[in-house]
Amino acid sequence: VQLQASGGGLVQAGGSLRLSCLASGSIFSIDGMRWYRQAPGKQRELVAGISVSGITNYADSAKGRFTISRDDAKNTVYLQMNSLKPEDTAVYYCAAEIRTGGGRYRSTYWGQGTQVTVSS
């Protein structure tokens, strides 16, 4: 199983980006999916999460600006980021709880990260 994150880039403050994270491999099903970020010199922090039933949660810094969504037919989770600020600059990582082996095994998998840079 692999997670492939994409969609990062350089954007001016106030701009938008949409991150995508595609899960591939021998997947039986996907439970929760999340986005984290890690800025230089800081700890990795949770940005947003979405449950298998579609319930979402956000860090205070993301509320009102970011939207997490998922497309289970495509095994993909998205993060729409609007009104970006320089402090949103970080490497963004996706993570997901994925069941394999006909549902017998459940593990957390991580994507490789995608860089988001917001200029002032």
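A salt bridge here is a side-chain nitrogen of Lys or Arg within 4 Å of a carboxyl oxygen of Asp or Glu. The model is predicted, so local features need pLDDT of at least 70 and side-chain atom pairs count only at pLDDT 80 or more, while totals for chains, interfaces and linings use all residues. Residues are numbered from 1 along each chain as its sequence is written, and side-chain values use heavy atoms, with hydrogens and water left out.

By that criterion, the structure holds 8 salt bridges. One of them joins the side chains of Arg 70 and Asp 72, at 2.8 Å from N to O. Arg 70 is buried at a relative accessible area of 15%, whereas Asp 72 is partly exposed at 44%. Buried stands for under 20% relative accessible area, exposed for over 50%, and partly exposed for what lies in between (1.4 Å probe, protein chains only).

Salt bridges that share partners also join Arg 37, Glu 45, Arg 65 and Asp 88 into one network. Within it, the closest N and O atoms of Arg 37 and Glu 45 are 2.7 Å apart. Arg 37 is buried, with 6% relative accessibility, and Glu 45 is partly exposed, with 35%.

Another salt bridge links Glu 97 to Arg 34, with the closest N and O atoms 2.7 Å apart. Because Glu 97 lies in strand E9 and Arg 34 in strand E4 (residues 29-38), the pair ties together parts that are 63 residues apart in sequence. Strands (E, at least two residues) are DSSP runs, numbered from the N terminus, as are helices (H or I, at least four). Glu 97 is buried, at a relative accessible area of 9%, and Arg 34 counts as buried at 18%.

Next comes the sheet. Four strands form an open sheet in the order E1-E3-E8-E7, with antiparallel pairing. Strands E1 (2-6) and E7 (66-71) are its edges, each pairing on one side only. From one strand to the next the twist averages 15 degrees. Two strands pair if DSSP finds at least two bridges between them; E7 and the antiparallel strand E8 (residues 76-81) are joined by 6 bridges. Across this pairing, Ile 68 stands opposite Leu 79 in E8.

Lys 85 sits in the loop between E8 and strand E9 (90-100). Its relative accessible area of 36% makes Lys 85 partly exposed. Leaving aside residues up to four places away in sequence, Lys 85 touches Arg 65 and Val 118, where contact means heavy atoms within 4.5 Å. The C-alpha atoms of Lys 85 and Gln 12 are separated by 8.1 Å, although the two residues are 73 residues apart along the chain.

Notes. Axes fitted to C-alpha atoms, helices over the stretch in contact; angles between N-to-C directions.
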